[in-house]
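Let's walk through this model together, with the sequence and the 3D view side by side. Keep both open as you read.

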Amino acid sequence: MRATRIEEAVFRVLMTISTLAILSALIVILCSVLLKGLPALNLSMITQTPKGGYYLGREGGILNAILGSLYLAGGATVLAIVLSLCVVLYVNVYAHNRSRLAAFTRFSFDVLWGVPSIVYGAFGFTIMVFLGLRTSLLGGIIAVALLILPMMCRAMDEVIRMVPSELYDASYSLGATRLETALTVVVRQALPGILTAVLISFGRGIGDAASVIFTAGFTDSIPYSLLRPAATLPLAIFFQLGTPIPEVQERAYASALILTVIILMICAVSRILTRRYTKHIVK
Amino acid sequence: MRSVRLFADRLAGRLMLVLTVGSGLIVFVMAAGLYHRSRPILETRPLAELLFSQSWHPLRGEFGFFPFIMGTLWVTGVAVGIAVPLCLLTAVYLSEYAHRHVRAWTSPLIDVLAGIPSVVYGMWGVLFIVPLVKNHVAPFFGASSTGYSVMTGGIVLAVMVFPIIIHVSVEVLRSVPDPVREASLSLGATKWQTVKHVVLRRAMPGIIAAVVLGLSRAFGETMAVLMVAGNVARVPSSVFDPGYPLPALIANNYGEMLSIPLYDSALLLASLVLLLVVLVFNVISRIILMKVERSIQ
């Protein structure tokens with residue numbers, strides 16, 4: 001009897017220690033990004049593009065990378081929304097939910113979800129070679145859309161699966177077709193979950209560097225065409241950190257702070273939107 | 001009017017079917033595309049030589065992936081060794097012992113950290129973990145290290161997979177129904193005995209899934225590891241040696257790969273290897289999971 005009590009006490013202590021260790025590691029990350037980034041941050045960082053000699057410590061900012069990242073992640077998200085809505089609505093509304101096709105699609109996306117982003121980058125590169133594209137915004141958008149497609153699909157699928165079958169029956173009994181039911185009833189009911197899925201995928205897309213390194217390239221100017229290279233924030237951080245000059249490394253800390261703030265804002269917005277749109281749901 | 005609506009319904013159905021089947025086949029298209037591009041190097045050299053040769057000299061046309069494969073295995077091994085025990089203890093604590101206020105406060109934090117980009121983790125590794133390993137961890141074990149080592153990469157990766165493993169495990173543990181716990185407690189088991197023999201046992205498949213998800217993220221993680229692991233193309237002989245994982249190799253050489261013959265082919269072969277390993281891993285674990293689930297029901 002005593003042995004079991006001692007075992008329980010030991011494990012409770014271990015559990016508390018590991019929880020504290022993990023939480024403190026996570027807090028240390030946020031604090032070190034904040035503490036290192038804030039002193040280096042200034043207005044010209046976010047309003048200017050890199051001027052001559054920027055990577056040697058001269059004037060300029062990373063507006064090119066901020067806009068490039070937003071365009072790239074935005075384009076990829078739009079592409080992924082269209083694709084994943086089609087897939088998810090087909091699987092849940094048109095196909096039978098437990099059909100072979102549904103099972104195959106879910107399995108395939110589960111597997112795709114685990115594929116590393118560098119592989120999407122390499123695959124995006126082979127597509128670009130196939131199409132005769134150079135490194136460009138479009139190439140980056142294709143690679144990132146492929147990267148976020150599985151997570152968006154699976155997240156949307158989880159919420160659309162939860163739509164009660166009575167809603168379908170009610171809609172069909174009023175004479176609506178499957179397409180009308182899907183677009184007006186199912187999407188409406190699952191909207192909070194869909195929005196969360198979209199925002200999380202956008203956040204993943206904006207933060208990923210490995211998939212754009214081959215495909216989007218890097219440039220010092222603001223992207224103005226789909227066929228031109230585009231700078232991205234994660235790569236800007238990576239390059240600035242790689243230089244031996246302290247002032248440029250400082251700017252990498254500031255850029256990391258900007259990226260982290262964008263991600264935190266996306267998280268906050270997704271929570272607020274989820275709360276606001278929940279009232280349209282039939283419970 | 002009616003026929004138009006029915007036509008739209010059917011047309012949309014066809015279109016969506018095509019897109020669904022198409023995106024279900026992406027995995028195969030990816031594998032085929034990468035295989036097609038890596039054929040030039042596969043035709044000139046036997047696969048065994050590519051995978052097990054230690055000599056990596058692209059300029060001389062020698063492409064041996066063995067140091068990089070070992071680098072990946074070492075770094076992933078260290079990461080999993082650190083992350084799994086810590087995460088499981090934390091997940092059990094959060095789901096079984098912690099007050100619900102603690103849970104409500106930690107879960108958004110963990111979600112936020114899951115969204116932090118890998119470059120930021122890498123930067124944190126350079127600022128924080130590299131000096132830590134160089135000045136404290138390596139001397140503690142009587143080794144000397146520059147700080148850019150397998151150990152550093154493993155620690156950073158472990159922190160990166162914390163959120164995902166904890167999130168999934170807590171969800172799985174919470175899904176074990178309360179009557180199961182109550183039955184065990186009413187038979188006189190202590191709380192810990194209930195957790196150990198009843199809750200963890202029921203939740204095992206989901207926990208395996210959580211670990212596999214973390215493992216596959218660690219396996220292919222690129223930027224963070226690239227920034228801290230040292231990137232020396234040699235098989236590491238201790239955790240304080242630098243390592244050079246496969247993803248880092250691919251990302252690091254994108255610039256010069258088109259100027260050296262067969263280099264692009266070699267790098268795309270490396271990504272094919274990465275893809276296949278992750279695929280085999282995921283498929284096997286999903287099948288195991290399905291079987292375990294069936295045996296529990």
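Residues are numbered from 1 along each chain as its sequence is written, while chains are lettered from A and ligands numbered from 1 in the order in which they are written.

Let's begin with confidence. The model has an ipTM of 0.87 and a pTM of 0.88. Among the elements of chain B, the highest mean pLDDT, 91, belongs to helix 4 (residues 66-97), and the lowest, 79, to helix 12 (residues 263-296). Where pLDDT is low, the predicted coordinates should not be read in detail.

Now follow chain B itself. Its secondary structure consists of 12 helices and two strands; here helices (H or I, at least four residues) and strands (E, at least two) are DSSP runs, numbered from the N terminus. Read from the N terminus, the order is α-α-α-β-β-α-α-α-α-α-α-α-α-α. The C-alpha trace of chain B spans about 75 × 70 × 35 Å along its principal axes. Of the 297 residues in chain B, 45% are buried, meaning that 20 or more other C-beta atoms lie within 10 Å of the residue's own, with C-beta atoms placed from the backbone; exposed means 12 or fewer, and partly exposed is in between.

Next, look at where the two chains meet. Chain B gives 66 residues to the contact and chain A gives 68 residues, where two residues are in contact if their C-beta atoms, placed from the backbone, lie within 7 Å. On the chain B side, helix 1 (residues 2-24) of chain B supplies the largest share, 12 residues.

Chain A is assigned domain 1 (2-40) and domain 2 (54-280), with bounds that come from an automatic or database domain assignment. The C-alpha centres of these two domains of chain A lie 31 Å apart. Their contact takes six residues from domain 1 of chain A and seven residues from domain 2 of chain A.

Finally, find B:Asn231, in the loop between helix 10 (223-228) and helix 11 (246-252) of chain B. B:Asn231 is not a glycine, yet has a positive phi of about 55°. Most residues other than glycine have a negative phi. B:Asn231 is partly exposed, with 19 other C-beta atoms within 10 Å.

Technical notes:
Predicted model: local features only at pLDDT ≥ 70, side-chain atom pairs only at ≥ 80, totals over all residues. pLDDT = per-residue confidence, 0-100.
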